[in-house]
Amino acid sequence: MADRGQELADALARVLGAASIAGLHRLSGGASRETWSFKADGRDLVLRKDPPGAVAGGLAREADLLRAARTAGVPVPDVIASGDGSDGVGAPYIVMNHVDGETIARRILRDDAYASARPKMARQCGEILAAIHSIPTDATAGLPDDDPLEKYAAVYAGFGEPHPTFDLALKWLRETRPSTERRTLVHGDFRNGNLIVGAEGIRSVLDWELAHVGDPMEDLGWLCANAWRFGGELPVGGFGTYDDLVAGYEAVSGVAVDRAALNWWEAAANLSWGVICIAQAATHRSGAVRSVELAAIGRRVCETEWDLLGNFAASRAFASAKAPLGTVAEGRPVRAVVSDEMHDVPTAAELVEAVREFLERDVMTATEGRVQFHTRVAVNVLNMVQRELTLGADQAVTHTERLAVLGVGSERELSDAIASGAMDDRLDEVVAIVRATVRDKLAVANPKYLRD
């Protein structure tokens with residue numbers, strides 16, 4: 001064990017009063033928050049620890065919340081110890097008991113080991129969320145109490161990256177926001193992927209960093225966002241129905257769920273995730289963290305745009321939106337772009353295909369873990385680039401024609417016109433054109449997302 005690991009093991013032994021610390025190893029990389037696994041006198045434990053120099057307060061709040069959650073009946077790990085790091089651990093930390101189970105959403109949704117759990121989980125989620133919303137809002141100090149819609153609207157505006165779908169969504173969400181006087185503790189990231197699951201269902205709720213005070217329907221809507229279905233067909237985390245989620249929530253909370261409010265918060269979650277995708281791609285592009293995964297997430301923005309357009313239709317907003325512009329709105333049949341004869345063959349698209357095949361055939365099969373995962377992401381990125389090389393030029397011509405019908409010359413001009421109200425008398429037409437554009441973006445970014 002390296003010196004640093006030995007120092008940490010010695011500190012944990014003192015904090016826990018343990019005779020032996022064994023198997024101490026770090027589970028996660030990165031510069032934000034560390035996770036370590038170890039045994040103390042044979043007991044399986046987990047350490048979550050801030051890096052040196054981190055702003056204090058986050059893990060202390062999380063420790064308070066975990067203790068309060070357990071008191072409220074929420075399945076969470078036991079907090080064994082916590083502190084500010086002055087006891088030798090070196091930074092704010094929490095020590096918790098290890099909870100066996102699966103957290104990877106795609107396995108939860110597909111593996112036979114969880115077949116009996118999946119039908120139960122939506123109702124369990126409703127019951128757990130009702131318990132979370134019963135936790136006193138003063139269970140810990142410093143909980144944020146911001147308006148999530150306006151928070152993400154400000155983040156979106158700050159990037160200066162135009163997305164007309166988001167401007168339409170903000171207009172619609174502000175005009176149709178449900179009224180409520182309920183204010184509770186909100187988990188903030190309750191979703192498939194942040195749950196530990198066993199054969200019997202949900203064993204634990206993880207990742208409380210985004211907890212805040214707000215409308216409790218925010219948690220239900222976030223859970224139902226399409227991003228957290230991971231390809232599953234069912235609306236609640238890919239594993240369950242709205243009816244089961246609501247039934248579980250109402251049975252424990254005694255509060256009737258307004259389905260329209262739930263749908264509104266699901267749409268708000270789609271918008272929020274879209275803005276987060278922009279932010280994650282910006283982290284890569286700025287050079288702060290160079291990552292093929294973060295770069296690829298930038299091309300997932302159009303998925304959230306497509307989901308928001310579906311939210312409009314489901315809510316009857318812009319219900320009369322039809323394409324009045326024929327082939328310009330819907331797009332012409334796309335032609336393959338012929339490579340400029342100045343360059344030799346293979347074409348750019350064929351070169352990308354060759355690199356993709358090498359990664360898929362040779363690199364992915366010879367690696368595992370994080371390298372294999374990032375290789376898979378890189379393969380998806382190359383598929384995306386190949387489609388753009390093939391389709392992009394024709395799509396660009398069609399896109400320019402669509403914008404010209406609305407009297408604008410760019411996405412920025414269209415976004416500004418929507419935000420200012422200049423397009424209010426043409427919203428049906430705008431939605432039809434935006435929908436056609438988002439469809440084209442998905443044809444490049446992720447054709448499988450197009451289900452209709």
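I began with charged side chains and found Arg-26, Glu-34 and Lys-49 linked in a network of salt bridges. I note here that the model is a predicted one. Side chains of opposite charge can pair when their charged atoms come close. I then looked up the total for the structure, which is 25 salt bridges. I followed up three individual pairs.

**Entry: Arg-174 and Glu-150**

I looked up the partner of Arg-174. Arg-174 forms a salt bridge with Glu-150, and their closest N and O atoms are 2.9 Å apart. This pair links distant parts of the chain. Arg-174 has a relative accessible area of 45%, so I wrote it down as partly exposed. Glu-150 is also listed at 34%, which makes Glu-150 partly exposed.

**Entry: Arg-191 and Asp-189**

Next I took Arg-191. A salt bridge joins Arg-191 to Asp-189, with 3.0 Å between the closest N and O atoms. Are these two side chains buried or exposed? Arg-191 has 15% relative accessibility and therefore counts as buried. Asp-189 has a relative accessible area of 13%, so Asp-189 is buried. The cut-off I applied is under 20% for buried.

**Entry: Glu-353 and Arg-356**

Glu-353 and Arg-356 meet through their side chains in a salt bridge, at 3.8 Å from N to O. Both belong to helix H13, residues 348–363. They are 3 residues apart there, so about one helical turn separates them. Glu-353 is partly exposed, with 28% relative accessible area. Arg-356 is buried, with 12%.

**Entry: the cavity**

How many cavities of 30 Å³ or more does the structure hold? I found 1. About 70 Å³ of space lies in this largest cavity. I counted 13 residues in its lining. Nearest the centre of the cavity lie Pro-164, His-399, Glu-411, Val-434 and Thr-437.

I then asked which helices supply the lining. Four entries came up: H6 (164–176), H14 (369–405), H15 (411–420) and H16 (427–445). Each supplies at least two of the lining residues. H16 gives the largest share, 5 residues.

**Entry: Ser-415**

I looked at Ser-415, which is placed in helix H15. Its relative accessible area is 0%, so Ser-415 is buried. What lies close to its side chain? A polar atom of the Ser-415 side chain is 3.4 Å from the backbone nitrogen of His-163. I set aside neighbours within four places in sequence and listed the contacts of Ser-415. They are Tyr-156, Pro-162, His-163, Pro-164 and Asp-167. Pro-164 had already come up among the residues nearest the centre of the largest cavity.

**Entry: His-284**

My last stop was His-284, in helix H9, residues 259–286. His-284 has 13% relative accessibility and so counts as buried. Which residues does His-284 contact, leaving aside neighbours within four places in sequence? I noted Val-289, Arg-290, Ser-291, Leu-294 and Ala-295.

Technical notes. Residues are numbered from 1 along each chain as its sequence is written. This is a predicted model: local features need pLDDT of at least 70, side-chain atom pairs count only at pLDDT 80 or more; totals for chains, interfaces and linings use all residues. Side-chain values use heavy atoms; hydrogens and water are left out. On a 1 Å grid over the protein atoms alone, a cavity is a set of points where a 1.4 Å probe fits but cannot get out, and a pocket is an open set with protein on both sides within 12 Å along at least five of seven lines; lining residues have an atom within 4 Å of a point. Grid points are joined across faces, edges and corners, and a volume is the space filled by probe spheres set on the points. A salt bridge is a side-chain nitrogen of Lys or Arg within 4 Å of a carboxyl oxygen of Asp or Glu. Buried means under 20% relative accessible area, exposed over 50%, partly exposed in between (1.4 Å probe, protein chains only). Contact means heavy atoms within 4.5 Å. A polar contact is a pair of N or O atoms within 3.5 Å; within protein, one must be able to donate a hydrogen and the other to accept it, and residues adjacent in sequence count only if both atoms are side-chain atoms.
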